[in-house]
Amino acid sequence: CLTHNISAASLCLIFYDTKVTVMNRVLNATVQRTADHAAPEITLDPLEIVGGEIRSSENTYFCQAARQLSCVPSSQLCVKLASGGDPTYAFNIRFTGEEVHGTSGSFRHFLWQVCKELQSSALSLLLPCPSAAANRNKGKCILTPSPISYAEEQLLHFFGQLLGIAIRADVPLPLDLLGCFWKGLVGEPLDPEQDLQEADMLTYNYVKKFENVTDESELEALCAEISSQHHSGESPDSPSRPCCTFTYVTMTGEEVELCQGGRSFAVSWENKDVYARAVRSLRLRELENVECMTAVRAGLSAIIPLQLLTMLSPLEIELRTCGLPYINLEFLKAHTMYQVGLMETDQHIEFFWTALEMFTQEELCKFIKFACNQERIPFTCPCKDGGPDTAHVPPYPMKIAPPDGAAGQPDSRYIRVETCMFMVKLPQYSSLDVMLEKLRYAIHYREDPLSG
């Protein structure tokens, strides 16, 4: 028997690398766009996003891309896994009015931007996790649970395609989606207790109150409390209403009846458990969100074989799609190359790593975005097991090189990058303080570098 206390999450990851290896072989065996077919190309207009504020959903990169790719057959987006120094991507991106050399930096910047849009108010496909109101799972999102129009279905389909495209490109998406989303994606049923608690702590506690009342007087007090909160804005002269009825508010803020005539059907001692089950059932249906998830899965299945999901757990498909939400400096350091005579023991290189060790996780993510136009690094890398350099997941490894030219004092120069190659051109700064100053300047004041 096992003598070590291994968590369920750790246990499910024991064979993660093996599963990913099998998955990658299947993905490369299901390539549909051959080398003699040019990649589709889309043109995005950065001026549609003014001062960082998106004027309407139609102006987002997400919607611009969805419109232009809607007439491209999905088969043309099914490419081999990104590998080597010149990876193949599902499509190429051009930015209006900008000269960009190479395609990798633009492609990674696009994926970063659409993830930012999806998790903002610019688009309505995702909804902030209700548990954030109870200070839990802040920043996490779920699929918005509401009936969808044909146009919204097409956008959800495109969202699913982007998940598959990112998997083939091996670009971890900075998406923070709640576990119930990944469960729905792989077809795993929700846990009525755990998933409700994770997604909506307030509703979970509300249901528990009804399940745990011990007598009629306690139920009457609970219903009166709920009624007073619900109708606190009403005039004292308003006609009396039942203390609590068979209604509840959806995640999108609409009060709905939990049964036919629910607004006039009072909760009583005899039916309180039925009411609690009805509230729980409403939330679980919203979390399952079958209509929206079906559209996302349809989009994903157009890019990767959906059968592959049956061998992955929800946590594993999240890792394969999004990587880890933090930067592991030791992993990054182990996958860094020094060019043109530079060595890890050079003083300014040591200043560089010491400075990064002093960074917060938010700053480290900004550094990765500055250096290669994505916020997250892959969860695993083939080269760690002695694989050849061509097995590196692009744009890894990180390269550190001297600055271009030799003009000027090092301390007066700025850090430059080539995002396609994940190459940081680092002047020989004279102190750790100067290194910190220049790095912070680069990550806080740069304007979406697209040098490659």
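**A short walk through a predicted model**

D170 is buried, with a relative accessible area of 16%. That is my starting point today. Keep in mind that this is a predicted model.

Where does D170 sit? D170 is in the loop between α5 and α6, the helix at 179-186. Now look at its backbone. The phi of D170 is positive, about 55 degrees, although the residue is not a glycine. Most residues other than glycine have a negative phi.

There is a second residue like this to look at. N135 also has a positive phi, near 60 degrees, and is not a glycine. Is N135 buried or exposed? N135 is exposed, with a relative accessible area of 60%. Find N135 in the loop that links β5 (126-128) and β6 (141-143).

Next, helix packing. Take helix α3, residues 61-69, and helix α5, residues 150-169. They pack at an angle of about 95 degrees, and their axes are 10 Å apart. So α3 is roughly perpendicular to α5. Which residues make the contact? From α3 come F62, C63, A65, A66 and L69. From α5 come L155, F158, F159 and L162. What kinds of residue are they? Nine are nonpolar, none is polar and none is charged.

On to helix α8, residues 201-212. α8 has 12 residues. From first C-alpha to last, α8 reaches 16 Å, close to the 16 Å expected at 1.5 Å a residue. Which residues of α8 are buried? They are M201, T203, Y204, Y206, V207 and F210. Here is a rule for reading a list like that. An α-helix has 3.6 residues a turn, so residues three or four places apart point the same way.

R440 is partly exposed, with a relative accessible area of 30%. What does R440 touch? Set aside neighbours within four places in sequence, and R440 is in contact with M358, F359, E363 and Y445. Pick out F359 from that list. R440 and F359 are 81 residues apart along the chain, yet their C-alpha atoms are separated by 9.2 Å.

Last stop, a database record. Which residue does UniProt list for "active site"? The entry, which is unreviewed, lists C420. In the model, C420 is in the loop between β11 (416-418) and β12 (423-425).

Technical notes
Residues are numbered from 1 along each chain as its sequence is written. This is a predicted model: local features need pLDDT of at least 70, side-chain atom pairs count only at pLDDT 80 or more; totals for chains, interfaces and linings use all residues. Side-chain values use heavy atoms; hydrogens and water are left out. Helices (H or I, at least four residues) and strands (E, at least two) are DSSP runs, numbered from the N terminus. The expected span of a helix is 1.5 Å times one less than its number of residues. Buried means under 20% relative accessible area, exposed over 50%, partly exposed in between (1.4 Å probe, protein chains only). UniProt positions are given in the numbering used here, feature names are shortened, and annotations may be inferred rather than shown by experiment. Axes are lines fitted to C-alpha atoms, for helices over the stretch in contact, and angles run from 0 to 180 degrees between N-to-C directions. Angles under 35 degrees count as roughly parallel, over 145 as roughly antiparallel, 65 to 115 as roughly perpendicular and the rest as oblique. Contact means heavy atoms within 4.5 Å. Ala, Val, Leu, Ile, Met, Phe, Trp, Tyr, Cys and Pro count as nonpolar, Asp, Glu, Lys and Arg as charged, and the others, Gly among them, as polar.
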